[in-house]
2 protein chains.
Amino acid sequence: MKRSIEDIRRQELIEGAYRAFLQHGIDGLTTARICKEAGMSPGILSYYFKSKDEVLFWMVRHANRVIMDEVAKRMKAAPNRWERLLAIIEGNFPKSLFEQNTANAWLSFYVASARDPQLERLQRLFHRRLASNISSCVSGIVSRADLPGFVETVAVLIDGCWLHRAAIHSQTTSAGAIALITNQVEQLLGATGISAMKKPAK
Amino acid sequence: MKRSIEDIRRQELIEGAYRAFLQHGIDGLTTARICKEAGMSPGILSYYFKSKDEVLFWMVRHANRVIMDEVAKRMKAAPNRWERLLAIIEGNFPKSLFEQNTANAWLSFYVASARDPQLERLQRLFHRRLASNISSCVSGIVSRADLPGFVETVAVLIDGCWLHRAAIHSQTTSAGAIALITNQVEQLLGATGISAMKKPAK
DNA sequence: CAAATTTTTGTACGCTCATACAATTTTTTA
DNA sequence: TAAAAAATTGTATGAGCGTACAAAAATTTG
C-alpha cells in the first residue's frame, strides 16, 4: 500500500523525466518540467526523491533499458553469431528513436556524465555491456590481440553515428547508420570470418 | 587607436573564454569566469560585446582555427594525396588537445549548437570544410557514387573517437585514434587505391 | 465518524548568473 | 594643464532554478 503508491509515483516521475529528456536533453530538465510532464504539482519531486539528480539517475537507467530491450529482442531471434552482431548494431538504432532531439539528448547525457560521478558510473556500465556483447559475437573469429581494437572500432562507429545524427544536420536515417557500420564491420571480418560466424552455434 | 585597444580587449576576452572553455566546457563558461581568465573585471564583457553569446561565437571560431591550423600545417608538407588524407586525420588529433577535458568541451559545443542557430551555422561550416578536404584527397580513387559514404564514414570515425575520449574513460591516445581511423580508411581504399594516391600529384 | 496518517499543493528562500549602468579612473585632446 | 573622451570598476537588478516546508486535501485507521 504505502510501498505501492510510492513506487507508482516514482515511476511516473521517472517516465515524465524521460519524455522531457528526449525532447529537451538533460540541460532542459527542470524540476518543474519533470513534474508537469508527469501531471503533478511542482513541489512533489522533493517528496518522492532526495534530489533532482536522483531522478536523473533513474531516468538514465530507464532510457538505457529502452535501447537494451531493442538489442535483446533482436538477439533472441538471431540464429548465429553473425546475426547476433547485426542485432547489436541494429538494436542500437531503433527507427523511432534515431532522430535529432533524441540524439541530442543522449549527447547531453554524455557531457553531463563527465562531471557527475554517478552518471559516469552508468556510462561505463553501459559501455562495458556493449563491449561484452560485441566480444561474445566475434571471439574466435577475431584474434585475441585484435579483439579490443575491433570492439572499440564498432563502439566508436555506433556513438559516432549518433553524434552525427545530433549535431551535423545529416539526414542519415536509421537504416543509413546501420549500413555504414555493417559495411565497416564486413571489411574488418572478411568473407571467411563472416561465413564462419554464420554457422549456427550452440 | 580606439580601434586598436578595442580589438586587443576583444581578442583577450575571446582567448580567455577559450581557455575556460577547454577546462570547463560551454556550460561552465560564465561571464565572470571569462573576464577573470582574461585578467579583467567582471563587468567588462558587456562593454566590448553585445552579449555572452557573441563571445561564445567568436571563441568557437578561434577554437576551430586552432585545429584547422594543425591540419593545414600537415597538409602543406604532404607530397601526395595519401599523405594529405593522413594529414587531415592526424591534424584532427593534436597530441596536446586530445585529452578528456578538451574532448568534453567540444562535445558540449555540439550539444549547444543544437539549440543556438548561430553555433549551428558554425557547426555546419566546419563539417563542410572537413568533408571538402577529405573529398579532394580521394576524388578519382573512390567512385562518385561511393564518395558521400566514404566521407561520412571518415567524419563519423573522427567525431566518434573524440566522443569516446570524452565520455568513455578510454585511455585512447592521440596515436591510438589515428591508428584506428587509418586502419579503417586503408580497408576502404584497398592497396591499389592507396598506391594510386601515393603518386605525387600536381 | 473522528482522529491520525499520508499525500499533495503552492510558495518562499537562497543561490547563480547575464546584463545594464552609475561612478571612477585613465587616456586623449586642445 | 584643464577639459573631454574613453576605458574600467564594482554593483544592482531581475530572471530562472533546486529545494524545503507549512498548509491543505485526501486517505486510512480505530
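Rings of Phe, Tyr and Trp, the last represented by its six-membered ring, form an aromatic pair if their centres lie within 6.5 Å. The legends below refer to a predicted model.

**View 1. Aromatic pairs across the predicted model.** Over all chains, the structure holds 18 aromatic pairs. Two of these pairs, Phe109(A) with Phe126(A) and Phe57(B) with Trp58(B), are described in the views that follow.

**View 2. The tilted pair of Phe109(A) and Phe126(A).** The ring centres of Phe109(A) and Phe126(A) are 6.4 Å apart, and their planes make an angle of 45°, which places the pair in the tilted class. Phe109(A) belongs to helix α6 (residues 100-113) of chain A and Phe126(A) to helix α7 (residues 117-138) of chain A, so the pair ties together parts that are 17 residues apart in sequence. Both Phe109(A) and Phe126(A) are buried.

**View 3. The edge-to-face pair of Phe57(B) and Trp58(B).** Here the centre-to-centre distance is 5.6 Å and the planes stand at 90°. Phe57(B) has a relative accessibility of 16% and therefore counts as buried, the limit for that class being under 20%. Trp58(B), at 34%, counts as partly exposed.

**View 4. The interface between chain B and chain A.** Chain B contributes 34 residues to the contact and chain A contributes 33 residues. The area buried between the two chains is about 3,200 Å², and carbon and sulfur atoms give 62% of that area. In chain B, the residues that lose the most area to chain A are Val111(B), Val156(B) and His164(B), which together account for 17% of what that side buries.

View 5. Six residue pairs are in polar contact between the chains, with both residues at pLDDT 80 or more. The number of salt bridges found across this interface is zero.

**View 6. The side of chain B that touches chain A.** The elements of chain B giving two or more residues to this side are α6 (100-113), α7 (117-138), α8 (147-166) and α9 (174-198). Helix α8(B) provides the largest share, ten residues. Sorted by class, this side of chain B comprises 13 nonpolar, 15 polar and six charged residues.

Note on methods. Residues are numbered from 1 along each chain as its sequence is written. Chains are lettered from A and ligands numbered from 1 in the order in which they are written. This is a predicted model: local features need pLDDT of at least 70, side-chain atom pairs count only at pLDDT 80 or more; totals for chains, interfaces and linings use all residues. Side-chain values use heavy atoms; hydrogens and water are left out. Contact means heavy atoms within 4.5 Å. Buried area is the accessible area (1.4 Å probe) that two parts lose on being put together, summed over both. A salt bridge is a side-chain nitrogen of Lys or Arg within 4 Å of a carboxyl oxygen of Asp or Glu. A polar contact is a pair of N or O atoms within 3.5 Å; within protein, one must be able to donate a hydrogen and the other to accept it, and residues adjacent in sequence count only if both atoms are side-chain atoms. Helices (H or I, at least four residues) and strands (E, at least two) are DSSP runs, numbered from the N terminus. Ala, Val, Leu, Ile, Met, Phe, Trp, Tyr, Cys and Pro count as nonpolar, Asp, Glu, Lys and Arg as charged, and the others, Gly among them, as polar. Rings of Phe, Tyr and Trp (its six-membered ring) pair if their centres lie within 6.5 Å; planes under 30 degrees apart count as stacked, over 60 as edge-to-face and the rest as tilted. Buried means under 20% relative accessible area, exposed over 50%, partly exposed in between (1.4 Å probe, protein chains only).
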